[in-house]
Amino acid sequence: MLGMGVGPNEIGGGSRTGALAGASGGQGRLRDEDREAIAVLLSVHGLGPLTIGRLVDRVGSPAAVLDLAGGPGGVAALVEGSTAADGAWRAMPPAVAKAIAAAAADRTRLLDQIARSGLRVVARGDADFPRRLIEIDLAPPALFVRGSLDALAGERVVAVVGTRRPSPAGRQIASRVATALSRAGATVVSGLAIGIDGAAHAACVTEGVPTVAFIGGGHERLFPPAHDRLADAIVAGGGAVVSEYAPLVEPTKGTFPQRNRLISGSADAVVVVEAGARSGALVTASWALEQGRECFLVPGSIDSPTAAGCNGFLRDWHGLAKIVSGIPQLLDDLGLAGVAALEGAPGSDPGARGSRGRSTVRLPSAKAVLSGRDPAMLAVAEALVHGAVIVDEIVAVTCLSVGAVLGALTRLEAVGLARPLHGRYEPIGSLAAADPKAA
Amino acid sequence: MLATLLSATLVALDGRVIRVEVDVAPGLPGFTIVGLGDASIREARERVRGALRNSGFVHPPRRITVNLAPADVPKTGSAADLAIAMGILIGSEQFTARAGRVALIGEVSLGGEIRPVPGLLPMVAALARRGIRRVIVPVDGADEARLVDGLEVVPVARLTDAVDALRSRRRAAPTQPARVELAPVSGLPGRPAPALAPPLPPPDLADVRGQAEARRALEVALAGGHGLLMIGPPGTGKTMLARTIPTLLPPLSDADSLAATIVASVSGEGPIRGLVRTPPFRAPHHTSSYAAIVGGGPRLLPGEVTRADNGVLFLDELTEFSRDVLEALRQPLEDGRVAIVRAAGAVTLPARFQLVAATNPCPCGYAGEDSRCRCPEAVPERYVGRISGPLRDRIDVWVTLARMPAAALVGGQDPESSAVVGARVAAARARQLARPGAKLNARVSGRALRLIARLRPETSNGLAELADAERLSGRGTERLLRVARTVADLASSEAVEVEHLEEAARWRPPAARHASALAV
């Protein structure tokens, strides 16, 4: 699993970086050369938000830092500039200062690279810089963005994260949670990893609502490569793929946990669907508590390895971490219960709701998703949402012949409602979000 | 005095008639064999010497020269022992043989017993083609020799019996070929399987619980002669399913069973009591050498690909076979034969086998098992991707198995038995062989396939849509149609319908699938 070492507890003193916002925010809109300068500084290997903040604090503006680096005696000046006036901070290594000087000399090429990758640089002080991220410790000075960040300005933003090796049931829960949140008007953010993250993003893409993915490396080093199509679909759907790293930065064991603070920080709440005992999703959950965000975990059987992380976290943070006892309950707890049901949620019956302000968001039944399709497809789809995963089980439930089940699975796959995985079949797309309990 | 007798030797799967000339001349005692004999022929000297002495004859203390003619054909094996021994007895005038064209085949033991030799059937067949009407064979090979029509077979147990047979003019009534079933016996190549430990009978399909998808894949693959690859974690029943194959295939036709019997005879698969009617099922281990799979060696023994001719070659742990071996499967899969080229010339052996293979989904074997797989993320895809292009193209039916939930194993109705599924396979094969060309769907040409698919316009559109949705290549589309034709044959349908295409689409390679889906 990703390194657990870099958690919220190990990074301190971040509050000082507020200086950056002050430096640029004071003059109203951020100047273009400052934004470019930040992008160049972020391309320097070994230079993080903390040091950039200190430099800007001492030197005045990002552009001034670059000018200083490019001038004679720049390296020494930079090392000097990275310490506090009272010497409270440790000076940066001269190697990093040299790298800054090199980047300053190379700025045109670095900026070209960013433009060629089709990226925008959104810095603190820009109007569309996510407002929730400004508050967090160690906020990134700028983000490299593909797509639109408008969705992060919404009323409610919820992160849905989890293991990269989920069970079929976990994947379905992630889809259902993401779909329900979307329908309740919340924006879903996640980390574009395979597994739970991917299922959450894919559910939003299927719903046709924007979603935002924070990736753990540069845009040119998209990981996992298997998700480049999903990334394209997210951008095409009005959402964004976002990184705090320059385009060519390789994702490493250390970058993912750092990135996790952005997932939790950009959201009001984090929902962990499935997590093994050492899952990186627990890092996100810890960040959420640190950042004062709500933290929800989907519990599981005490025997299930994919639930060990969630169950353990609930035990360790008893009272702070909250339990997801059902999707309506989750929406209720998130304050989304009052939001009117969106169109296209068949089966919703206002009269049937409990009196205590239960969610009005209803997930569709398999029948509704499959309306107009042939009966064999419907029968197989219903078996799938009820948790049948292998052909034997589908045959047992539907009483169809093996050949008929296989044919129906092909038709479901062709319309993007099911797919095979390691000899099992699982619902995807809008069928993944179907509620097994809905009639 | 000079004695001339007829015998035979093997060149790969063919018998060759040879003339054994024995000259017993005065001079210093000695024993020389000339005529391109291999080590086993040179050792005949010692066997014959002992056999003569221990049968009450005299090994003449004279200059013995044995010439095996024609001199340019390399001779192998011990089949000429008996002819050499008789030649010495006649040449040293210890008895007089009646005139007449008689051939002798058999190995002698030091005690004077006549032992069976591998390849008796093709050797006797070669003698019959040359017009020889009487052949003396080891008693254990009598049934095998009698498979050849129009020839008097004289079985002998000891050297003295052979002497009697050569002296007499008595004719045994020509016997009808004994056409009885013979299960192929597995054992090391070239070694007769030990008679005391018969191989385990294959399991019945009813013994395999669950795995409905893989059972159906197996049925479709066997019905159309398609290559099959089963991917799944250990313990999901891949090998068990493959082992039921002998119970599912229809018996061989007359021509095929003769070919199969010849291969079984040359491979030395124990005593042959009749035509081999059961299609061969060969399951070489993944550490098998190149020569063991392809064939060859100094005696040009048939390899596993030839021994699986007209049957099934099952490669368990496909990805663990050496790359050379897998590459060598290319030619037999393409042409149905394998050429073994030597400095001395080339021989071509038949190798029209159906490939059935199994592999784990990833190096650790547990991809898809919740958190049990310890492989890095992209490794499972790459593992099956190791199977090289030409081999992939020859595998029409791909199926992935998952571990069965315990509930599905204990509950439910009894699965279908081999007899039920085998009947469907046989009927589907009969339908295919009744069509012009009489080929199984796996071997029908692309053009002929379009004709026999009898696609209606709506079905054609369905095929195009399916191919588009799955981004199938031309080859992929043809493969889909080919398997669909077999599914239709299993359903006794004249034309390929959309439902058959939809089922066939389940059996395409997983790589094509990954590219088409929005991976999450």
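Me: How far apart do the C-alpha centres of domain 2 and domain 3 of chain B lie?

Reply: This is a predicted model, where local features need pLDDT of at least 70, side-chain atom pairs count only at pLDDT 80 or more, and totals for chains, interfaces and linings use all residues. Residues are numbered from 1 along each chain as its sequence is written, with chains lettered from A and ligands numbered from 1 in the order written. Domain bounds come from an automatic or database assignment, which gives domain 2 (205–404) and domain 3 (444–520) in chain B. Their C-alpha centres lie apart by 24 Å.

Me: How many residues does domain 3 of chain B give to its contact with domain 2 of chain B?

Reply: Residues are in contact if their C-beta atoms, placed from the backbone, lie within 7 Å. Domain 2 of chain B gives 16 residues. From domain 3 of chain B, the number is 14.

Me: Why do the buried residues of α2(B) line one face of the helix?

Reply: Buried means that 20 or more other C-beta atoms, placed from the backbone, lie within 10 Å of a residue's own. In α2 (44–54) of chain B, A44(B), R47(B), V48(B), A51(B) and L52(B) are buried. Seen down the helix axis, they line one face because they fall within an arc (of directions from the axis to the C-beta atoms) of 125°.

Me: Which helix gives the most to the side of chain B that touches chain A?

Reply: Here 29 residues of chain B contact 36 residues of chain A. Helices are DSSP runs (H or I, at least four residues), numbered from the N terminus. With four residues, the one giving the most is α22(B).

Technical notes. Contact = placed C-beta atoms within 7 Å. Buried ≥ 20, exposed ≤ 12 C-beta atoms within 10 Å, placed from the backbone. Helix = DSSP H or I, 4+ residues; strand = E, 2+ residues; numbered from the N terminus.
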